[in-house]
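Here are my notes on the model, jotted down as numbered points. Have the structure open while you read.

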Amino acid sequence: MGQHRQSTVVITGASSGVGLYAAKALAQRGWQVVMACRDVSKTEKAAQTLEMQPDSYTIMPIDLASLESVRQFVNTFRASGKSLDALVCNAAIYMPLLKEPLRSPEGYELSVATNHLGHFLLCSLMLEDLKNSSAPDRRLVILGTVTHNPDELGGKIPPRPDLGDLEGFKEGFKAPIAMIDGKTFEPVKAYKDSKVCNVLTMRELHRRYHEPTGITFSSLYPGCVADTPLFRNHYPLFQKLFPLFQKHITGGYVSQELAGERVAAVVADPEYNQSGVYWSWGNRQQKEGKSFVQKVSPEARDDEKAKQLWDLSEMIVGLA
């Protein structure tokens, strides 16, 4: 991007895992990184542990489960006077052991509220900031996962994602409703559904806004980061065995650091300025493996469903 100005990126969920290492990688490339996280002190300690230069990052609080917190974050960012050149929607929660749904402050099922609704509102509000940037190459990147796609091996494991006809959203998505399709709560499916929503959102952002604004909208699956803190709410035995399985059986394992580098590349490198696409490095990691544009799941490429999801999400977050 421009030689005479420092580019600024907002990264959600930058206190640990892929988001933290993406923040480090972009800071090393000369970017000013806004680390958008729930726990400011935890994020500061994490940045210091990775020896990030103090003048390379700013920490701003956000709780993506809270729509009010998202709005407050946007106000705080704008008050800072910073220009926004890239937005990375990375934060996610995954709570596979729940028997009953947890709820956001506004009353929505927590994983969909955090992973989809919070990011949907953030993207919608910060589009204006991206439009106002003088940078010639502005990007909005949403993290994906192989589990969104039943056509891939990682997505074939049940329960499979299925948004149905969005009946849960049509009915307002508040108790007793806890699933987008309006059916019985299933925590793993709720996570997978939220990630389908992420891809649909990226594609609809591209359809609506790429041509008039020039902003690049994309998603990526950086590989299986099997030791990411995303799995902190899983069984301890799973947390121990899953990385070993991915390293020695499937060959899909990617370190948090490498995944962060891949996110940074999609944000900053010229070869990733293609909009409306989903980048992948494949399920089996090859040495010197190259990225490619991967076909997303049939549901995630359903343009009519993307439009419906957008309209319903706007109503739920209070934009319509």
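1. What share of the 320 residues in the protein chain is buried? The answer is 58%, where buried means under 20% relative accessible area, exposed over 50% and partly exposed in between, with a 1.4 Å probe and protein chains only. The chain exposes about 13800 Å², and carbon and sulfur atoms supply 51% of that; the areas are Shrake-Rupley values with a 1.4 Å probe, and for residues only the protein chains shown count as cover.

2. Some housekeeping. This is a predicted model, so local features need pLDDT of at least 70 and side-chain atom pairs count only at pLDDT 80 or more, while totals for chains, interfaces and linings use all residues. Residues are numbered from 1 along each chain as its sequence is written, and side-chain values use heavy atoms, with hydrogens and water left out.

3. On to the fold: the chain has 9 helices and 8 strands (DSSP runs numbered from the N terminus: H or I of at least four residues for helices, E of at least two for strands). An open sheet of 8 strands runs β3-β2-β1-β4-β5-β6-β7-β8, with mixed pairing; strands pair if DSSP finds at least two bridges between them. β3 (57–61) and β8 stand at the edges with a single partner strand each, so one side of each has no neighbour in the sheet.

4. Have a look at β1 (residues 8–12) and β2 (residues 32–37), which pair in the parallel sense over 5 bridges. Here I11 sits opposite M35 in β2. Helix α4 (residues 110–132) packs on the sheet and touches β1, β4 (86–89), β5 (139–143) and β6 (216–221), touching being contact, with heavy atoms within 4.5 Å. The direction of α4 makes about 175 degrees with that of β4 (axes are lines fitted to C-alpha atoms, for helices over the stretch in contact, and angles run from 0 to 180 degrees between N-to-C directions). Helix α8 (residues 256–268) also packs on the sheet, with β7 (277–280) among the strands touched, and its direction makes about 150 degrees with that of β5.

5. Of its 27 residues, 19 are buried, so α6 is largely enclosed by the rest of the structure.

6. Last one: E299, in the loop between β8 (292–293) and α9 (303–317). E299 is buried, at a relative accessible area of 15%. Leaving aside neighbours within four places in sequence, E299 contacts P161, D162, L163, G164, V196, L200 and K305.
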